[in-house]
Amino acid sequence: MIVKSKKQVGQLHEYARDLQNTPIIELFSADPNRVSDFTFEAAGLFLDVSKNRLNKQTLSSLLELVDKCHVKEKIADLFNGVHVNVTEDRPALHVALRASSDTESWVPKNFIAEAEESKLRLKSLVDAMRSGEKCNDDGERFSDVVMIGVGGSNLGPKLAIEALREEETSAINIHFLDHLDGEKFRNLVSSLPPHKTLFVVASKSFGTSETLRNYESARHWLKSKLIEKPSLKNHFIAITANGAKAKAAGIDEGNILKIPDWVGGRYSVWSAMGIPIALKYGYRVYEDFLSGAALLDHHFRTAPLEKNLPVILGMVGIWNTNFLQSSSLAIIPYEHRLSSLPMYLQQLEMESNGKSLSLDGAAIDYHSAPVTWGASGTDAQHSFCQLLHQGTHQIPVDFILALKAPLGYEKHQDMIVANCLAQSRALMLGNERENNIENHKKLRGDRPSSIIYMDKLHPKTLGALISLYEHKTFVQSTVWNINPFDQWGVELGKAFASSIINDIDSETSCNQNDPSTAAIISRYKTLKTDRSA
């Protein structure tokens with residue numbers, strides 16, 4: 001960790017050595033109150049970290065590290081609009097988008113005003129579309145909305161649409177176009193009624209090449225289908241921080257929803273990017289989603305470190321990564337509506353904390369973000385859970401569980417809850433202590449896991465869950481002394497892609513590509529010529 005915390009880091013390495021041969025189950029015997037001591041609650045969520053290889057002494061030392069790294073002060077900076085994104089010199093105030101202007105005095109008023117204006121515009125548009133006031137040129141309601149975007153512009157809304165499907169819905173069908181595969185585009189639009197389809201073009205910069213390519217394809221498709229219509233302006237909405245570019249690209253100014261430049265793409269579901277949620281389930285549901293996140297925000301900002309869910313979850317992750325040498329984290333939701341959560345968290349955690357340079361630009365000499373991956377529980381336990389139990393890698397797991405069953409499916413839910421708890425228990429216990437186990441069937445256990453559970457998955461608990469992981473990521477970035485709000489690796493890939501596109505479009509190849517890249521470009525260009533011949 002950072003130099004000023006060497007004492008705590010050394011102490012934690014000693015604790016790791018002391019605990020490495022202690023079975024996790026023995027930690028329960030040593031502490032009769034372990035379950036209550038290692039279970040934390042806030043905003044409708046419960047976090048049980050008792051099946052991790054740590055004790056009270058370890059947790060206390062981890063919290064001393066938090067204090068030494070000034071996490072509490074950094075939390076205040078985050079919420080007060082300090083320019084915590086140091087490389088881009090701006091705040092990261094996504095929390096302002098879900099704050100209430102009546103109760104949250106900690107958010108600077110100018111940010112609250114901008115957020116409130118954005119929400120009012122979004123509500124007005126959503127209400128007009130759901131009522132039929134905003135319609136096509138023939139006065140018909142839109143039946144289908146296609147969200148065009150990539151990364152954070154789509155992952156958050158897509159997760160929420162799937163997670164909230166038990167809520168009362170409108171007749172509007174929501175689709176996501178987040179890939180450049182031409183076959184996917186063709187298959188999608190072939191099922192849509194052109195005259196009743198609205199496209200939402202979501203790009204903070206309005207310069208994302210994949211999004212703009214799909215936008216052009218959507219315009220071309222509509223023009224080919226609506227030949228008699230002189231204008232397509234009612235069929236496109238843009239969500240962006242760059243209204244001028246959206247207008248120049250043909251989006252009507254009245255159909256441009258602005259997001260602030262102080263909101264990063266992977267945090268943008270709280271902005272107008274969340275329009276699919278409000279269109280499908282109504283603005284009230286969207287407000288509940290925001291308020292659930294705000295509840296967790298309040299907890300994160302005010303709770304003592306020793307009871308603070310994001311702090312605890314973040315520091316257990318640092319314990320497993322930096323002291324027990326785990327390089328991976330599996331996310332396994334035993335709730336099929338959360339099937340997209342692992343992919344969402346991949347971006348949140350790895351794009352935020354996949355860094356090797358400190359805030360002052362120096363190379364760090366410790367691990368930062370682990371590889372985050374996963375799948376829904378039922379699929380996971382019949383596929384990769386074998387490796388978690390018996391493989392050579394020790395991979396911590398976050399299990400996510402909603403306890404209350406959908407109406408009429410209680411027996412299904414009994415099995416879901418049983419399977420989730422069984423996987424967590426089996427990872428901890430294994431079976432090596434049993435007699436007469438054949439060697440090839442032996443599982444040594446002592447694999448760490450945490451369980452995040454809630455009584456029911458609904459808009460508020462979903463908002464709280466996403467907020468929990470956002471703040472966990474921030475806590476870890478503070479301890480690792482890195483910037484979680486930039487993504488220069490992503491930007492370099494974009495720059496190279498632009499150069500290669502220019503090479504593909506030119507008749508002669510440039511000399512700037514490496515031999516491998518140049519060879520594949522050459523073959524691709526040959527095949528393009530053959531196809532068009």
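Me: What does it mean that Val71, Ile75, Leu78 and Phe79 in helix 5 (residues 71-79) are called buried?

Reply: Buried stands for under 20% relative accessible area, exposed for over 50% and partly exposed for the range in between (1.4 Å probe, protein chains only); Val71, Ile75, Leu78 and Phe79 of helix 5 are in the buried class. These residues lie on the same side of helix 5, because they cover an arc of only 90 degrees around the axis, the arc being that of the directions from the helix axis to the C-beta atoms. The model is predicted: local features need pLDDT of at least 70 and side-chain atom pairs count only at pLDDT 80 or more, while totals for chains, interfaces and linings use all residues. Residues are numbered from 1 along each chain as its sequence is written, and side-chain values use heavy atoms, with hydrogens and water left out.

Me: Which helices do the buried residues of helix 5 pack against, and what makes a run of residues a helix?

Reply: Their partners are helix 4 (56-68), helix 12 (283-302) and helix 18 (459-480). Helices (H or I, at least four residues) and strands (E, at least two) are DSSP runs, numbered from the N terminus. After helix 5 comes Gly81, with a positive phi near 85 degrees.

Me: Why is Ser268 called buried?

Reply: Its relative accessible area is 1%, and the limit for buried is under 20%, so the term applies. Ser268 sits in the loop between strand 7 (256-258) and helix 11 (275-281). Apart from neighbours within four places in sequence, Ser268 is in contact (heavy atoms within 4.5 Å) with residues including Gly152, Ser153 and Met273.

Me: What places Asn234 in its accessibility class, and which side chain does its own side chain meet in a polar contact?

Reply: Asn234 has 19% relative accessibility and therefore counts as buried. Its side chain makes a polar contact with the side chain of Asp137 at 2.7 Å. A polar contact is a pair of N or O atoms within 3.5 Å; within protein, one must be able to donate a hydrogen and the other to accept it, and residues adjacent in sequence count only if both atoms are side-chain atoms.

Me: Why is the pair Arg337 and Glu166 called a salt bridge?

Reply: The term requires a side-chain nitrogen of Lys or Arg within 4 Å of a carboxyl oxygen of Asp or Glu. Arg337 is buried at 4% relative accessibility, whereas Glu166, at 40%, is partly exposed.

Me: How do you know that domain 1 and domain 2 touch?

Reply: The domain assignment, automatic or from a database, gives domain 1 (6-69 + 303-486), domain 2 (94-286) and domain 3 (489-532). In contact are 25 residues of domain 1 and 20 residues of domain 2. The area buried between domain 1 and domain 2 is about 2,000 Å², with 60% from carbon and sulfur atoms; buried area is the accessible area (1.4 Å probe) that two parts lose on being put together, summed over both. Three salt bridges are counted between domain 1 and domain 2.
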